[in-house]
Structure formats: C-alpha cells, structure tokens
Amino acid sequence: MNATSIIKTKDLNKSFHDPVEFQALKNINVQINQGEFVSIVGSSGSGKSTLLYQISLLDTPTSGEIIIDGVTVSDFDQNQKTQFRLKNMGFVFQDYALIPELTATENVILPLLMQGYDHDYSIKKAHEVLKTLGLEKQINNLPNQLSGGEQQIVSIARAVVHSPKIIFADEPTANLDLESSKAVIKILEETCKKFKHTVVMVTHEEEYGKKADRIIRVVDGRVEE
Ligand code: ADP
Ligand code: MG
C-alpha cells in the first residue's frame, strides 16, 4: 500500500524582518504521511518551531505552498485557516497553554464547544479521553492543582478530543522531568498508533526524536532528512 500524503510543502520560505532581515526557512520540501509519527529535530534556533508554525497554519510563509490532505491551504484566507485548524488540528505546547481558571474537563471541552457540539456530549467525551489518559481522578482539578506532567496530559487530551487529522506538538517535554517526559512521548506514540492520528513533534532532545517513525532534521533553516 502506498503512503498517503497528509502534509506536503513546496519550496517553503519564511523570512523575518525584525530586527533585521533573516531567512529562517530556506526552500523546505517535506512530505508527512497519514498516520505517521514524525519528529522535527535540530539545535536551538535552527527553525524547527518556525517550520511547525507554517505547516500548522499558525503563521504565514513568505513564499511557497502548503498542501494538507490534497488541499492547498496556503491559499486560504485567515478565517478559512482558523476554521481548518479548529476542525483538523490539535496543538500541544511546551507551556501547556491551559486556561488557569478552567478545570481539566473545562479545558478539554473547548475544541468541541468551538465546533458546536453540545455541552453534555462534550463533557462526556472529555471525561472519556481524560480517563483513557489516566487522569480520571483529576477531571475537576484546576491547572495549578496538577503536576506539570498532568497538565501536559490535559493539554494532549484537549488536542485529541475532537479527533483531528493532525496533532502538532512543539517541545512538549521541555518543562518536564524524565518520568513525565517519557509518559508524554508514550501517549503521543500511542495516540498515533491507536487512533491513526498523524503526529508532528518538534524537539531538541534527540532521544525523544528517535521515538518517532521518522526524523526530519532542520539545520540552519534547511531540511536534511
Ligand atoms: P527553534 O524552534 O529551532 O529553536 P525557531 O524556529 O523558533 O527555532 O527560530 C528560528 C530562527 O528564527 C531563530 O534565529 C529566531 O531568532 C528567528 N525567529 C523566530 N521567530 C521570529 C520572529 N517572530 N521574528 C524574528 N525572528 C524570529
Ligand atoms: Mg522552538
């Protein structure tokens, strides 16, 4: 069976102009396949996050194309990009990005509510996912009542609850101790295998990068696969 492309870039470039002209991404041509767990590795400042932000539509490239699931999404306007992200993508960040005033469950239901699912269904679904990820006892905890590792698992629950096509994770283990880091990587791996999600993870930690099916290495704004 041939691998199906889920993300493809064509000659992707990204330059920043502030404080000085700087080309952070140079002619990136990558393909990521459906159901793959891919890590983007490289040293600090090499352009990993910049690449992730372009392919996840959080930023706008200077030139080039991004094709997701056969659609040239780089042609979309802002509103189309937002809608596409909400429906098809889930995000995990280094600092968890949970809303501090909301409980674990309330954080996890957000992507469902934003897509118009009713409240009861969303709560049921959030509990289901949190339980699967081992946080059954913490469903009503606020973020500050959770360990760093638990907060990151809540953020993974929020990223997967609406069954998006792609999960993007930017340095998901950067603030975690060894044990929590391993747990988070394992969950990302399992998410990929069990639910057939595509997972794209940025990490500067080679050891975790190696857990992926494939490594995309970024050196000085270029890809060396
Ligand atoms: P990495 O994630 O690999 O550590 P980044 O993708 O964050 O690196 O950054 C790559 C390079 O682009 C760095 O030199 C960084 O300073 C620069 N850069 C990133 N974002 C911006 C921005 N918004 N404005 C100016 N320069 C930026
Ligand atoms: Mg980064």
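**Packing of helix 3 against helix 4**

In the predicted model, helix 3 (residues 104-114) packs with helix 4 (residues 119-132) at an angle of about 120 degrees, their axes lying 8 Å apart. Helix 3 is therefore oblique to helix 4, a term for angles that are not under 35 degrees (roughly parallel), over 145 (roughly antiparallel) or 65 to 115 (roughly perpendicular). Axes are lines fitted to C-alpha atoms over the stretch in contact, with angles running from 0 to 180 degrees between N-to-C directions, and helices are DSSP runs (H or I) of at least four residues, strands (E) of at least two. The contact (heavy atoms within 4.5 Å) involves Ala104, Thr105, Val108, Ile109, Leu112 and Leu113 of helix 3, together with His119, Ser122, Ile123, Lys125, Ala126, His127 and Leu130 of helix 4.

Leu130 touches, among others, Ala104, Val108 and Val154, residues up to four places away in sequence not being counted.

Residues are numbered from 1 along each chain as its sequence is written, and chains are lettered from A and ligands numbered from 1 in the order in which they are written. Local features need pLDDT of at least 70 and side-chain atom pairs count only at pLDDT 80 or more, whereas totals for chains, interfaces and linings use all residues; side-chain values use heavy atoms, with hydrogens and water left out.
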